[in-house]
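Open the model in your viewer and keep the selection tool at hand. Each stop below says what to pick and what to look for there.

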Amino acid sequence: MPHILIVEDETIIRSALRRLLERNQYEVSEAGSVQEAQERFSIPSFDLIVSDLRLPGAPGTELIKLGQGTPVLIMTSYASLRSAVDSMKMGAVDYIAKPFDHDEMLQAVARILRDRQDAKSAPSERSSANGSRNSDKPANNSNGEIGIIGSCTSMQELYSKIRKVSPTDSTVLIQGESGTGKELVARALHNLSKRAKAPMISVNCAAIPETLIESELFGHEKGAFTGANAGRAGLVEAADGGTLFLDEIGELPLEAQARLLRVLQEGEIRRVGSVQSQKVDVRLIAATHRDLKTLAKTGQFREDLFYRLHVIALKLPALRERGADVSEIAGLFLARQSARMGRSELRFAHDAEQAIRHYPWPGNVRELENAIERAVILCEGSEISAELLGIDIELDDLEDDDFLSAPVQHTSSNAHEPTEDLSLEDYFQHFVLEHQDHMTETELARKLGISRKCLWERRQRLGIPRRKTGAVIGS
């Protein structure tokens, strides 16, 4: 069992990460600082070190030297992305930006441990392993080289395209709703490419303030703007020789789009405030949940950049479009969560199976996994009921397995409740527009029973802008 050291001074984050890793069959030790880790453990004895960048006392990068070859995964906030990239230059194997979801962390950990094991293997063993990976067997489970669960026709077609596209340097545009696994696809494209040993730099374009995005991506020279006391390399430079993954590229400002177009056309960048260009060798993978072609027609996205990005387009289907995959994935999540919590007797009740098949899962795979984890925690017997899943679906309708295709017989007596004529997303949009003038984002999320992050993601997907602070109600 791999032994992982977590070094994080925030107790809540450290404890949550420990539980996550232990539930995934990893042995975990923890410390609140580099000094504590030195005093309590033999640092080189671990298989992986996951450390925050900013710690009391010495920074997390000190563990790179102390680990004597043990891989170090650095955690950082988006505000410190440049420092994270600097840490990779110092020898960290990768970084992960906070806040991260469970899938993102688990995938990074599994990949790093797998790479470490491969490095220890004899060349003949690696050659044999690569030969088996390149067989024609479908990648329909989470342990395959693609790293995505699902065996429906659309997913099998996606796996085939990933294998064909990965060895090339072609730009790839990944399209799909939030929670469908776009970053997993990007990671698979990178890991199966000739750039796999070089860094893959991931950037969420929607998470960086518009005033900083150009400097973050392309770097800046000393004095380029107020506070630029020294020149700094950007994230595109940091990805030189590797892969740059731009998530939510539809949120990229037009000025930054023009600079990105130059990277794709000329293979060069120019830092903010510089008059000189420099060559970079970067493969670009972009992702979005928005219709870039429509945005291009309305002038919100550069048309020339759209066509540069649209060399290879991969479409990730929504979970509700994947047929029996929903039940397959739910079963796998249940088995995984049950094993982690020592609840091997758990199973889905009939109404839960019905709810899982018929609920539209607007949050896709991420929402499904969270619902099942919550249900396993709350379940007191041996069967998980539909109610424990905490999803918004009429339980009375679940008596008929084909109720979605049959005429709806039930009517709602409350005009404010969602009815058969109002989809869940319509209801969400109606509720947010009706209440956002007098509720904070936290209050809206609490009333809807979702996190603030989920609220933000659904706003993005449905195109519901936030009201500006200070807006006059009724104006």
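**Stop 1: helix 14**

Select helix 14 and colour its buried residues: D325, V326, I329, A330, F333, L334, Q337, S338 and R340. This is a predicted model, so treat each stop as a feature of a prediction. Now check the length of helix 14. It runs over residues 325-340, 16 residues in total. Step just past helix 14 to G342, where phi is positive, about 65 degrees.

**Stop 2: P362**

Select P362. This proline sits in the loop between helix 15 (350-358) and helix 16 (364-378). Is P362 buried or exposed? P362 has a relative accessible area of 5%, under the 20% cut-off, so it counts as buried. P362 and S178 are 184 residues apart in sequence, yet their C-alpha atoms are 8.4 Å apart in space.

**Stop 3**

Most residues other than glycine have a negative phi. The next two selections go the other way.

- Select Q25, in the loop between helix 1 (11-23) and strand 2 (27-31). Its phi is positive, about 70 degrees, although Q25 is not a glycine. Q25 has a relative accessible area of 44%, which makes it partly exposed.
- Move to Q68, in the loop between helix 3 (62-66) and strand 4 (72-77). Phi of Q68 is near 50 degrees, again positive in a residue other than glycine. With a relative accessible area of 65%, Q68 is exposed.

**Stop 4: D52**

Select strand 3, residues 48-52, and pick out D52 within it. Which feature does UniProt place at D52? An unreviewed UniProt entry lists "modified residue: 4-aspartylphosphate" there. In this model D52 counts as buried, because its relative accessibility is 8% and the cut-off is under 20%.

**Stop 5: cysteines**

Select C152 and C205. C152 is buried, at a relative accessible area of 14%. C205 is buried as well, at 4% relative accessibility. How many disulfides does the model have? A disulfide is a covalent bond between the sulfur atoms of two cysteines. With a cut-off of sulfur atoms within 2.5 Å, the count comes to 0 disulfides.

Methods: Residues numbered from 1 in each chain as written. Predicted model: local features only at pLDDT ≥ 70, side-chain atom pairs only at ≥ 80, totals over all residues. Heavy atoms only, no water. Buried < 20%, exposed > 50% of the residue type's maximum accessible area, 1.4 Å probe, protein only. Helix = DSSP H or I, 4+ residues; strand = E, 2+ residues; numbered from the N terminus. Expected span 1.5 Å × (residues − 1). UniProt positions renumbered as here; feature names shortened; annotations may be inferred.
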